[in-house]
Amino acid sequence: MSASREKKTRQDLAAQGITDPKKIREAEEKAKARKSNILYGVIAGVFVLVAAAVLVYNSGVLQRGKTAVVIDGEKYTAAQVNYYYMSRKNSILNGSYSSLYGVSSSTPLDQQVMNDTAKMFLQITDESEMTWDEYLRNDAVRTLTVRAKAAKLAEENGMGADDHTQEEINATMDEIAAYAKQNGYSTKEYLKLVFGSTMTVSTFKQMAE
């Protein structure tokens, strides 16, 4: 981390009320480490990631039926990418660090630039200006790439989906349906509320599997 960025990071932390020298040192150490996200680290040893070719990312809205990425020759729709986009978005906006990150649900994410504190905690090494929308899109593609390749490897080694997998998915759908009904929504409406307008029940089941 450069001296100027280290100073800026300290200023960001101080602005958020974090003045404890120990906590600041811990935060700076995390930034210096720049290790891969835990999600990718857990299964990184299983396979080597390949670049995903982004085909449709020109508009601010991911459209359900269009191809968004191609991974190992397999096409994935915008709805499938959006599953991970919205999952990560909801996690960040509803998380305890949202104020520290400086991100707001009241302003379009493509109009919000990530601050240095957010980049530090999310282990982003790119120092160029990046909006939250860009980060979430990139993160969604990376996550889908990891999951798709892991699933393919599992299938090749006889560890793919089985009857137990289907039982778990059915149980999950039952829980979602019950929760949605309790809050006045159908399952379809609830999934769209959580994962965006591109989500369908069938797509959700597919992604869960």
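Mentor: The largest cavity holds about 40 Å³ of space. Please keep in mind that this is a predicted model.

Trainee: What makes that space a cavity, and how many cavities of 30 Å³ or more are there?

Mentor: A cavity is a set of points where a 1.4 Å probe fits but cannot get out. By this rule there is 1 cavity of 30 Å³ or more.

Trainee: Which residues line the largest cavity?

Mentor: The lining consists of Lys-89, Ile-92, Leu-93, Val-103, Leu-109, Trp-132 and Leu-136. By class, 6 of the lining residues are nonpolar, none is polar and 1 is charged.

Trainee: Which elements supply at least two residues each to the lining of the largest pocket, and what is its make-up by class?

Mentor: Strand S3 (74-77), H4, H7 and H10 each supply at least two residues. H7 provides the largest share, 9 residues. The classes are 13 nonpolar, 4 polar and 8 charged residues.

Trainee: Turning to H7, why is Asp-133 called buried?

Mentor: Asp-133 lies in helix H7. Buried means under 20% relative accessible area. Asp-133 has a relative accessibility of 11%, so Asp-133 counts as buried. Leaving aside residues up to four places away in sequence, Asp-133 touches Tyr-85, Leu-109 and Asp-110.

Trainee: How do you know that the length of helix H8 agrees with its number of residues?

Mentor: Helix H8 (residues 163-182) has 20 residues, which at 1.5 Å a residue should span 28 Å; the end C-alpha atoms are 29 Å apart, and therefore the two values agree.

Trainee: Which residues of H8 are buried, and why are they said to line one face?

Mentor: The buried residues of H8 are Thr-165, Ile-169, Met-173, Ile-176 and Ala-180. Viewed down the axis of H8, they fall within an arc of 70 degrees, so they line one face of the helix. In an α-helix there are 3.6 residues a turn, so residues three or four places apart point the same way.

Trainee: What covers the buried residues of H8, and what does the face turned away from them carry?

Mentor: The cover includes helix H9 (187-195) and helix H10 (201-208). The face turned away from the buried side carries the exposed residues Asp-163, Glu-167, Asp-174, Glu-175, Lys-181 and Gln-182. H8 is followed by Gly-184, which has a positive phi near 85 degrees.

Trainee: What makes the phi of Asp-72 worth noting?

Mentor: Most residues other than glycine have a negative phi. Asp-72 is not a glycine, yet its phi is positive, about 50 degrees. Asp-72 sits in the loop between strand S2 (67-71) and S3. Asp-72 and Thr-145 are 73 residues apart in sequence, and their C-alpha atoms are 9.1 Å apart in space.

Trainee: Where does Gln-123 lie, and what is its phi?

Mentor: Gln-123 is in the loop between helix H6 (116-121) and H7. Its phi is near 60 degrees, again a positive value in a residue other than glycine. Gln-123 has a relative accessible area of 30% and is therefore partly exposed.

Trainee: How many helices and strands does the protein chain have, and how much of the chain is buried?

Mentor: The protein chain has 10 helices and 3 strands. Along the sequence the pattern is α-α-α-β-β-β-α-α-α-α-α-α-α. Of the 209 residues in the chain, 34% are buried. Among contacts between residues at least 6 apart in sequence, 54% join residues at least 24 apart.

Conventions
Residues are numbered from 1 along each chain as its sequence is written. This is a predicted model: local features need pLDDT of at least 70, side-chain atom pairs count only at pLDDT 80 or more; totals for chains, interfaces and linings use all residues. Side-chain values use heavy atoms; hydrogens and water are left out. On a 1 Å grid over the protein atoms alone, a cavity is a set of points where a 1.4 Å probe fits but cannot get out, and a pocket is an open set with protein on both sides within 12 Å along at least five of seven lines; lining residues have an atom within 4 Å of a point. Grid points are joined across faces, edges and corners, and a volume is the space filled by probe spheres set on the points. Ala, Val, Leu, Ile, Met, Phe, Trp, Tyr, Cys and Pro count as nonpolar, Asp, Glu, Lys and Arg as charged, and the others, Gly among them, as polar. Helices (H or I, at least four residues) and strands (E, at least two) are DSSP runs, numbered from the N terminus. The expected span of a helix is 1.5 Å times one less than its number of residues. Buried means under 20% relative accessible area, exposed over 50%, partly exposed in between (1.4 Å probe, protein chains only). The arc is that of the directions from the helix axis to the C-beta atoms. Contact means heavy atoms within 4.5 Å.
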